[in-house]
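Work through the exercises below with the sequence and the structure in view. Each task is followed by a solution in steps.

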Amino acid sequence: MKLSKFWLMLVLSLSLMLILVACGGDDEDTSAPEDEPEQTDDGTEDDGDDTDADTDADDGDEGEEAGGPQQGGMITAGMYSAPGHQFNPIFYGDAYEANILDFTHESLVTLNENFEYVPSLARDWELNDDQTELTYYLEENVTWHDGTPFTADDVYFTYSSIADGEYVASGGVRIDYVRFLVGYEDYRDGETDTFEGVEVVDEHTVKFHFAEPNVTPEFRTSFPIIPAHVFEGLSVADMVDHPASRNAGEIIGTGPYQLTDMLEGEQYVLTAYDNYWKGSPKLDGITWRVIEQSVMPGMLERGELDMIAEPNGVPAADFERVDGLDNVTTFTTQDFGYQYIGIKHHHRTAEDVENGVVDPNNWVVNEKVQDVRVRQAMMYALDREGIVGGLMNGLGSVLHAPFPEASWAYDESAFTVYEQNVEKANELLDEAGYIDVTGDGYREDPDGNEWTLNLDYPTGNEVRERTAPIIVAEFGEVGIRVDMRQPRDAATHFEIVEDDNTDWDLYLAGWSLATGDPDPAGIWKSDNPFNYLRWNDSTSDELIELAVKAPDAFDLDFRAETYNEWTAYVTEQVPMVFLYSSDNIYAYNSALQDVTHRPTGIYTDSHLWWLDQE
Amino acid sequence: MHKYIIRRILQFIPMLFLITIVVFALAKAAPGDVLSGERLDPNIPAEVYDMRREALGLNDHITVQYWNWLSSVATGDLGTSMQYTGRSVAELINARVMNTVYLSLFALGVTLAFAIPIGIYSATRKYSLFDYGATTFAFLGLATPNFFAGLLAIYVFGFMLGWFPSQGTVSTVGLSGMELFLDKLKHLVLPGFTLGLASTASYMRYMRTEILEVKGSDFIRTAKAKGLSNHSVLYKHTLRNALLPIITLLGLEFGTLLSGAIITERVFSYPGLGQLFLTSVQNRDYPVIMAINLILAITILIGNLLADIFYAVVDPRIRYD
């Protein structure tokens, strides 16, 4: 008898579930509410440049007068992974956090479409002749999200926090923005209470003092500003965990939107900041949702999603489908990440690896790849266009130099552009003495010994994984025998790339192109730990140094010229085989208007975005 | 019985200790750490990463690291995440554990609600059309990868029919009360059924086999000979005995409840422990890996204990002393 009760319960609960489901079905489409903006502009506070837009904003009624931006509406944007909930710019760690911070915080200066610095929170600036002093004149009507005015004290506070002795131990990694300033060491070590590198001249003027003439002063001072009045009195170690670094509604910036609500791992709600200094945002807000990449196109199609942008965008495989949707606008631009075949010119000794020493003098030469003609032959052997066309549906470009194509440092006329030329590759190898003496179809080294290059690659990036066998085949065509080894998971692979007392010759990896400043020293200078190629070349080092050497390098043209010279040298020496940079594909609801398309993305002037609400 | 339980719980301690050592050693044996790999930003000087390693204690000897971890856990502090700057592990787990529990319970409910009745029905009508149909379904269910079933469910019920939301646990933030409950329930349907139906197949087969086995035993023949009705024989005698192995299975399943369903959580963007575990392993976030493993180990041990105790309650033949 008991059991019949059980059945009754089961049937009841199942039917209850069905009813719930049926009821729930219809309110589904209202997930993006666009009714009545919370607060219509009074029209008085503005100069009246958009008064016609304000008048039609009071009801859901269509704005009849076509054209003008309409007020109101929320959009839903998607990203594929959740941010790590560190919303303090000086501590943030991942690209997903950066995605939110792009809307909530601002810097003194920002990059324009040619990768030059233009005003943002600073309306103007002045450099002294030897580029040791940079004076910023700040915008005067900027307020923080809590209404407090933005002043020079906030700038001082931001930079002194990064210079603080507790900063790195608390999780910060961005000391590159302070270590060239006067008095950094003293302040870090607690020998003085004032950070001399940043001087507050008056409420709206701030002066940066560099210890030595600086070639990239704007870049070094382009860090997002955090509010002094919110964090005042806290130690830097306590800032990491402070609610104002963590909790929605308590994170204060100067940006057009404020993070007002969130649900861990799922939703992050940005609400328009009505007193934004460049003018109140047209949208009511942006809701970021964490979504699975494979359902993204379907959600865009159904209008459940209005935008997909940083950090991964639309995968190349989905481009055709997304681009074909009537209600979606797409924009593609070069991604700043690129892929390459690394060539291990030298290996470190086991001892150096053990002790973490990167000293070119101790390196062991990798004889297999020393002849420059061999490396050039590799370039000629590869059909890189084919990789971009075949593996990426053409949504990418062959990389020739480690600078973004839109950058002032990039000049295609300055260097050798390699295209596949099997004949040339064979010629070069013959010339270098690498000849097939055994008749097995593969070349032996000039001494007649077997010559096999090991290729190691990581999993995790599908296109990159698929390039490995292509490389093996195309190198094989010209007689270079490649031993393609089992792929490893990314963390393991890169650990070995770094600890390289191994038999590695070739490896696949990626770097990101420098966007803030093109100075390649970080990856290319011989003694830099990130010089994973272990390429030791004095000519390259000299050019890299020359390009940032004061006072010549104060002149942008001089730097551009030097970088052209350096790129020409690099393309001739082939220290690595540049493969491709993929395209960044952004997609957004076609009803969303006035989105700025820039090589750096589409987030510029997001306060101007507006939704055409027909 | 009490003595038995206490003895079992005391056995947990050395076992957990061993488990943590093994997991820690294995996790550390994998190359790389939270600061290596493609997370590197070339704009940040390499020495900063070294300073961070030093600060995180990653340069210490493995035994020192283990000891530091153990002594902080002993005081109830699960530590601080390495991939999420400055976030405590407890906070990360807290934010997700309930999602996982809801999903697992819902899926378990689905499994039982389908597996038991279908199993019984199949067994009582052995080799009928229904039985064959159910068997086919069972093997289809076993053979379908979770991510595929999940995507199919999203496509059909989420996109084509538009009945259920497909991503996340709620539609908007700021709901409360009944509204929130219903919204959460709606978001549970697709992942819950995907997960639940996948294990329905095996449970159903167990159920069917068990009933057939019990039906053939002597005491059932006796019951029938007594002149009991078919209904009474099936539900009072057969089912009760056939459910015993299912209880053992459930006890074992208890542990996997918390481990979440990595794939299913991912497809439905359902933020649970499974997703957290996956990213922690990828990023070599040891404190989180260790904490989740510890929780898992404890729940599995408790699950087994509960199964044993419950077994004794249900089956009068079993006595612990």
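**Exercise 1. A residue and its contacts**

Which residues does B:Leu103 touch, not counting residues up to four places away in sequence?

Solution. The model is a predicted one.
Step 1. Find B:Leu103 in helix H4 of chain B.
Step 2. List the contacts: B:Leu103 touches B:Leu188, B:Pro191, B:Gly192, B:Leu195, B:Tyr270 and B:Gly272.
Step 3. B:Leu103 and B:Gly196 are 93 residues apart along the chain, and 9.4 Å separates their C-alpha atoms.
Step 4. Decide on burial. A residue is buried if 20 or more other C-beta atoms lie within 10 Å of its own. B:Leu103 has 27 C-beta neighbours inside 10 Å, so it counts as buried.

**Exercise 2. Chain B as a whole**

Describe the make-up of chain B, and state what share of its residues is buried.

Solution. 
Step 1. Count the elements: chain B has 12 helices and zero strands.
Step 2. Take the extent. The C-alpha trace of chain B spans about 85 × 55 × 40 Å along its principal axes.
Step 3. Take the burial: 34% of the 321 residues of chain B count as buried.
Step 4. Look at the range of the contacts. Of those in chain B between residues at least 6 apart in sequence, 71% join residues at least 24 apart.

**Exercise 3. The contact between the chains**

Solution. 
Step 1. Chain A gives 57 residues and chain B gives 51 residues.
Step 2. On the side of chain B that touches chain A, the elements giving two or more residues are helices H2 (46–56), H4 (89–124), H6 (146–160), H7 (177–215) and H10 (262–267) of chain B.
Step 3. H2(B) supplies the largest share of that side, six residues.
Step 4. Sorted by type, the residues on this side of chain B are 27 nonpolar, 16 polar and eight charged.

**Exercise 4. A sheet in chain A**

Which strands stand at the edges of the open sheet of four strands in chain A?

Solution. 
Step 1. Write down the order, which is E4-E5-E7-E6 (chain A), with antiparallel pairing.
Step 2. Strand E4 (122–127) and strand E6 (198–202) of chain A each have a single partner strand, so they stand at the edges and one side of each is left without a neighbour in the sheet.
Step 3. From one strand to the next, the twist averages 20 degrees.
Step 4. Look at one pair. E6(A) and E7(A) are joined by four bridges in the antiparallel sense, and A:Val200 stands opposite A:Val206 in E7(A).
Step 5. Helix H4 (residues 152–163) of chain A lies across strand E5 (133–138), E6 and E7 of chain A, and runs at about 175 degrees to E6(A).

**Exercise 5. The nonpolar cores**

Which residues touch the most other members of the largest nonpolar core?

Solution. 
Step 1. The largest nonpolar core holds 187 residues, and those touching the most other members are A:Ile308, A:Ile341, A:Ala377, A:Met378, A:Ala381 and A:Val577.
Step 2. The element that gives the most to this core is H7(B), with 13 residues.
Step 3. A second, separate core has 21 residues, among them B:Phe24, B:Val34, B:Tyr286 and B:Ile292.
Step 4. Return to A:Ile308. Beyond four places in sequence, A:Ile308 touches A:Gly78, A:Met296, A:Leu300, A:Gly313, A:Val314, A:Tyr586 and A:Ala587.

**Exercise 6. Confidence in chain A**

Over which residues of chain A does pLDDT stay under 50?

Solution. 
Step 1. Chain A averages a pLDDT of 83, and 89% of the residues score at least 70.
Step 2. The stretch asked for is residues 15–65 of chain A.
Step 3. Where pLDDT is low, the predicted coordinates should not be read in detail.

How values were computed: Residues numbered from 1 in each chain as written. Chains lettered and ligands numbered in written order. Predicted model: local features only at pLDDT ≥ 70, side-chain atom pairs only at ≥ 80, totals over all residues. pLDDT = per-residue confidence, 0-100. Contact = placed C-beta atoms within 7 Å. Nonpolar A, V, L, I, M, F, W, Y, C, P; charged D, E, K, R; others polar. Pairing = 2+ DSSP bridges. Axes fitted to C-alpha atoms, helices over the stretch in contact; angles between N-to-C directions. Core = buried A, V, L, I, M, F, W, Y, C linked by C-beta atoms within 7 Å. Buried ≥ 20, exposed ≤ 12 C-beta atoms within 10 Å, placed from the backbone.
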